[in-house]
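Thank you all for coming; I would like to take you through a few places in one structure, and I will go slowly so that you can follow along on the screen.

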Amino acid sequence: MTGGRVLCASLFLPYTVDFQIAKDKKSRYTPSAPANNPPPPVVPTAQLEPNNLIDSLQQQQAPPAALPKTQEEAVFDFRKPEQLVQPKSKAQREQDLRRLPQLQVLHHKRNNSIDSPSVFDEAPWTVKPCIAGNIGLHNAICSIRDQLDKKCMWIGTLGMPTDPLSQSTRGKIRSTMIMDYDSYPVMASDTEFEGHYNRYCKQVLWPYFHYVVQDDLQNMMYQDDAYEAYVALNQRFADVMVEQYQEGDILWVNDYHLMLLPGMLRKKLPNAIIGFFLHIPFPSSELFRCLPTRKQLLEGMLEADLIGFQTYSFARHFLQTCSRILSLDATPSGIQMDSHYVSVGIYPIGIDINALNKKRSAPEVLRSIDMLREKYAGKKLIVARDKLDYIKGVRQKLLAFEQFLVRHPEWRGKVVLIQIALSTAEKNELRAHITDVVSRVNSKFSNISYQPIVFLHQDISFSQYLALLTAADASLITPLRDGMNLTSHEYIVCQENNHGPLILSEFTGTYGSFGACLRVNPWDYRQVGNAIHEALSMSEEEKAGRWKELYKSIVTNSAQNYASSIISELSKIRSDEMHRMPAQIPLLDLDHVMELFKASKNPLFLFDYGGTLVPHGKAAGANDLDRLTELLTKLTQKSAVYVISGRTRPNIERDLGSIPNLGLSAENGYHIKLRDEEWEQMHANVDLSWMPAVKEIFQYYTERTPGSTVETKDISIVWHYRASTVGQDAQFAKWQAAECQNHIADSVNKNFAVHAVTGKTTIEVLPHDINKSAIANRILQEIQPDFVLSIGDDRMDEDMFSFLNKQKIPNVITCTVGPRSTEAKYFVPNVQSVYKTLEAFTN
């Protein structure tokens, strides 16, 4: 599929390290008995005195006797994540100390710290899966491993502090990871990682990208040291990737932790193929523009060749933000930069259905299903599993369930909501609020044999999770904002036989693919309650039909399709030799072009006007026009010459109409004047109903932008703001232009078949069908040349360059004015260079 390796950068590697440290070395301190006291009596193991600070805490906080199991504990197999023995950072140790209650004074002697390098040098260690990693991404790439020509190599941190490790231990871990696990560890300092992840990512980017605007007391986005740590860790990733890069590799950067990485890689690897994928939502421009580092983050992302998002709305927000903040020429498929073109695509992540089916057919899953059905026989079961994070909307969900029981009393005693709540590393005060809601609902609607809400603030085994999804009659997934919620995918697969409805928040990325779900606004408790009633009352026929549509979407948007689509698109970019032209296209070799011209029998010249034959944005002076007229008059005596301009027909006729045998085209191909013939229109019955709306928008910005004007042509409308781009108003004019372009995209582009073309100091709106490639095609049919030289300077000329490059003509020379991202094969520096080129052909 690729021809080379895939270097996949994610903050956390799929693997981490677990140290096997002897129990007597696990504590920082150990208590000692007074010197004159006799040795303590031997007691049963269960009653031994604590031998360190942590053990003493555990004994103080432990219940005096084992409590009988609750009904939930009898049904569910609660599993705590495997406790790995790893170093602790300074911040983690301070946090642990803050959690400790006041203890009795103990006599201690200093022992080897668990964070001492010597402890870890002596300890054996093993490699374990890293639960902090992007499991969905890892599963997706592993599912297509057999389709890759070469290995996928991972770049990331180990998900644990590394400062306490000696250079020797680090080297051994690095070697094992590279040789046995195809992973290149990034060893960041603990302070750097703390600032990057726990402060900038989790307290600045994560809230803002999920539409949580914090107050000034909590807001950390103005703290420079956190952003500096973010930059530093991104640079560490860049250094590792550059060091390991081989010609032909594809570099895939993942998620908001590494938004600066594409730009850093581009500086060192100008011709590398770089893709960036954002797993979380991209916010609207109104929110993103609040970030002080907005420009740096966008510019870092835009050095990638491909930027992927989960949904169309996330991609649209990104494009609008780039247009608004950076004044870039954004289209639905990408962004045209001065240096390159950035493709923007939609790649919804999915699950590996075959792998999930194997897991849910395991005997322990089937036993758990039977146990659940026996436990909740005669009742409808609604299941949900979310992180205990504000954006997951757990509290809002429980309030909506309360409204459901209030408004639909017929379901009391007949339906149970099982909510699994997973702890998170983020600071939140939700648990107390959620517990209040659970207590109120259960006290209001419970009886001796019925409890409406089963709230479990801990995870369960994966087999019981699959059993819950299988035994459920409905699933309630209502985050306030989310990327691609894969729990919904797993639920649909597990409902192969039951066909339980899916109630889904409209603010999840998944919703765009699941038209057959029951859509809800999680803030509208009454609507969510009504959706629960509808799901539980739905006929078997409707449930089966909805499930079939949902399952079809999951098969289409599988993990395999997600990974293969991104890698295939990046491979396609690599095979395109033109993917990064500005540093590669050569200066026009005039001697070589002259040799081709002299050997031709039927040459053709195609020139843009403004910015090519005359300076951009200015009327041609008398001297310049006389010189140009002389050159074109000589050239037309031996060759076919056309000037294809975006200017109006009277304008171009006034300047060049007197030159004999010169072909002309005005308004980017709408009008054409073949050699020694009259003007004619290229297009008939063009829809111009969009013009009043665009004129109104342009007039609005003209009134607010000093020196700007509106020009109405036969087929297009142009907003000129060049007169105000000198002096103090320059920045304001550019900002207004970005706002105007965004306004056009929102109000006009979606309703009419038009597009906005951004020039150096103009915005022009014209129909999709009007472009220079159509006029070039008409001229080729008329001339049938064996040599073509085309020179232009702006975005409207790119269609013509692309069209000409594909023609089967012996010699086609496409040339842009000024070095930039272009479809042209050559460039000349400026208008004066174009004149020198014309003189060479006329002498």
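**A sheet, a helix pair and one threonine**

Let me begin with a pairing in this predicted model: Trp719 has Ile763, in strand 28, as its bridge partner. Strand 28, residues 762-767, pairs with strand 26, residues 717-720, in the antiparallel sense, and four bridges join the two. Both belong to an open sheet of four strands, whose order is 25-26-28-27 and whose pairing is antiparallel. At the edges stand strand 25 (709-712) and strand 27 (754-758), each of which has a single partner strand, so that one side of each is left without a neighbour in the sheet. From one strand to the next, the twist averages 15°. Packed on this sheet is helix 25, residues 691-704, which touches strand 25, strand 26 and strand 28, and whose direction makes about 10° with that of strand 26.

Now please turn to a pair of helices. Helix 8, residues 224-244, packs with helix 9, residues 261-268, at an angle of about 45°, and their axes are 9 Å apart; the two are therefore oblique to each other, and their crossing is right-handed. Helix 8 makes the contact through Val231, Asn234, Gln235, Phe237, Ala238, Met241 and Val242, while helix 9 contributes Leu261, Met264, Leu265 and Lys268. Sorted by class, that contact holds eight nonpolar, two polar and one charged residues.

Leaving aside neighbours within four places in sequence, Thr487 is in contact with Arg385, Tyr465 and Ile477.

Methods
Residues numbered from 1 in each chain as written. Predicted model: local features only at pLDDT ≥ 70, side-chain atom pairs only at ≥ 80, totals over all residues. Heavy atoms only, no water. Axes fitted to C-alpha atoms, helices over the stretch in contact; angles between N-to-C directions. Parallel < 35°, antiparallel > 145°, perpendicular 65-115°, else oblique. Left-handed = near helix turned anticlockwise from the far one by under 90°. Contact = heavy atoms within 4.5 Å. Nonpolar A, V, L, I, M, F, W, Y, C, P; charged D, E, K, R; others polar. Pairing = 2+ DSSP bridges.
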